[in-house]
Amino acid sequence: MAALGRLSRSLVRPRSTDPIGRRGVRALRRSPVRVLPPQKEREAAAAAEPQRKPREPPPPPPPAVERNSAGPGLWYEKAAPGDRRLGKVVTIAKSKDFRDRHGKVLLEGQRLIKDALEAGAALQTLFFSTVGHLKELPEEKLKRANLVKVKFEDIKTWSDLIAPQELIGIFSKPDHAKMSYPAAQLTSSLPLLLICDNIRDPGNLGTILRSAAGAGCEKVLLTKGCVDPWEPKVLRAGMGAHFRLPILSNLDWESLPNNFPAGIQVCVADNKDPGARAECVALQRAGSEPSNPKAAVRSQPKAAPKCEDEEGEVSACLPELPTQFYYEDWTQTPVAVVIGGETHGLSLDALHLAASTGGKRLVIPVVPGVDSLNSAMAAAIVLFEGKRQWLQRHKQENKRLKLPVVG
């Protein structure tokens, strides 16, 4: 019995004296139970709490910028690979509808952009490939613009030039009333205006504007039907003339005299024989189809004398203007010279405007058989002849005023 009692006591395991037993360990492993208030209390507490705004996504990181060595405070953005802004901007800015709707123009090349900045044109965005090109532009004007550095390969892709100059600028469309033209241009300005009548070729118009600036014209007036002077090809051919003298475009013939000084005389450049008589030109009957679609854009003079022949065709006689050679004196008063388009020449509106101001027909003689001169060449010949006559008259008047008085 004693042995049996010892055996039973050895089989019975002693109670653990550890205050945390297995049950306690399992309890610690369990997740704590959350006691929730009743449903009504939860709804009331939710209504009392202020509504939390949804968390806004973090703003995108700012573009990487680098300080330009041209001067302090001049920053530019470095375009990332695959950035298509240059291509989109260039493509859109080449559209006339976009230029008219948004009032933006595209300028390319250091010379043209510099002339625009110095004249007060507002630069919005400048794309460039080399930081060194920024040093040659007015720093104060660049601080107000968005500068974007792109690869030269991207500029070559979107440039219209054979040899791109690594600068493409997007400007607000300049307003001639707010521009600051060069002082040398203003002091050399003559009482000489130029009227472009249906000049449609961009290269010709740009060359005409360049000649007008070189001759010292006071302003250039473009009638409806002329090509847009802010087209890239016109800007390149103009070589900065857009920022040297006022250019007013899209004018109709009725409002054209509002831009004239008092006592002006309108003359037209022509290559007709000075002894030629007045001609008659055919006009389209109302409702009939014009034989030449381009001729339909010309407005017909209201006061033109008309007649009808046996076939029922209506014609109008051209007004008779005093005719002289271009090298004879015609600058006694302020003068506006009209240059006609390449295809149809002078319009009836131009001839009637000249007749209403007592103007003349200035003839540039050419060899018989030659139809006419290029409009840009004719403009250069007449404008520089007008400058020569005006300077010669001014010089003679100065000599006369300096003559001693004999008494």
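**Strands, cores and enclosed space**

Modeller: Start with V105, whose bridge partner in β6 is F171. The model is predicted: local features need pLDDT of at least 70, side-chain atom pairs count only at pLDDT 80 or more, and totals for chains, interfaces and linings use all residues. Residues are numbered from 1 along each chain as its sequence is written, and side-chain values use heavy atoms, without hydrogens or water.

Colleague: How do you know that β3 and β6 pair, and which way do they run?

Modeller: Strands pair if DSSP finds at least two bridges between them. β3 and β6 (residues 167-172) are joined by 5 bridges. The names come from DSSP runs, numbered from the N terminus: strands are E runs of at least two residues, helices are H or I runs of at least four.

Colleague: Why is β3 described as largely enclosed?

Modeller: Of the 5 residues in β3 (residues 104-108), 4 are buried, so the rest of the structure largely encloses this strand. Buried means under 20% relative accessible area, exposed means over 50%, and partly exposed lies in between (1.4 Å probe, protein chains only).

Colleague: What makes N198 buried?

Modeller: Its relative accessibility is 5%, so N198 falls under the limit for buried. N198 sits in the loop between β7 and α10. Its phi is positive, about 65°, although N198 is not a glycine. Most residues other than glycine have a negative phi.

Colleague: And M239: buried, partly exposed or exposed?

Modeller: Partly exposed, because its relative accessibility is 39%. M239 is in the loop between α11 and β9. Its phi is near 55°, again positive in a residue other than glycine.

Colleague: How do you know that C267 is buried?

Modeller: C267 has 0% relative accessibility, so it counts as buried. It belongs to strand β10. Contact means heavy atoms within 4.5 Å. Leaving aside neighbours within four places in sequence, C267 contacts V335, A336, V337, V338, G359, K360 and L362.

Colleague: Which residues of helix α12 are buried?

Modeller: In α12 (residues 348-356), they are L348, D349, A350, L351, L353 and A354. G358 follows the helix, with a positive phi near 70°.

Colleague: What makes a set of residues a nonpolar core?

Modeller: The members must be buried Ala, Val, Leu, Ile, Met, Phe, Trp, Tyr or Cys, joined through side-chain atoms within 4.5 Å. The largest such core has 34 residues. L192, L194, C196, L205 and V220 touch the most other members. Elements supplying at least two residues each are β7 (192-197), α10 (202-215), β8, β10 (265-270), β15 (335-340) and α13 (375-402). α10 gives the most, with 6 residues.

Colleague: Which residues does L205 touch?

Modeller: Not counting residues up to four places away in sequence, L205 touches C196, I199, L222, V227, P229 and V234. Another core, of 26 residues, lies apart from the largest one. A116, L142, W230 and F243 are among its members.

Colleague: What makes a space a cavity, and what makes it a pocket?

Modeller: On a 1 Å grid over the protein atoms alone, a cavity is a set of points where a 1.4 Å probe fits but cannot get out. A pocket is an open set with protein on both sides within 12 Å along at least five of seven lines. Lining residues have an atom within 4 Å of a point. Points join across faces, edges and corners, and volume is the space filled by probe spheres set on them.

Colleague: How many cavities of 30 Å³ or more are found?

Modeller: The search finds 3.

Colleague: How does the lining of the second largest cavity divide by class?

Modeller: It has 5 nonpolar, 3 polar and no charged residues. Nonpolar means Ala, Val, Leu, Ile, Met, Phe, Trp, Tyr, Cys and Pro; charged means Asp, Glu, Lys and Arg; the others, Gly among them, are polar. The space is about 50 Å³. Its lining includes L190, T331, G386 and W390.

Colleague: What volume does the second largest pocket have?

Modeller: About 340 Å³. Of its 23 lining residues, K173, D228, P229, S249 and N250 are closest to the centre. β9 gives the most, with 3 residues.
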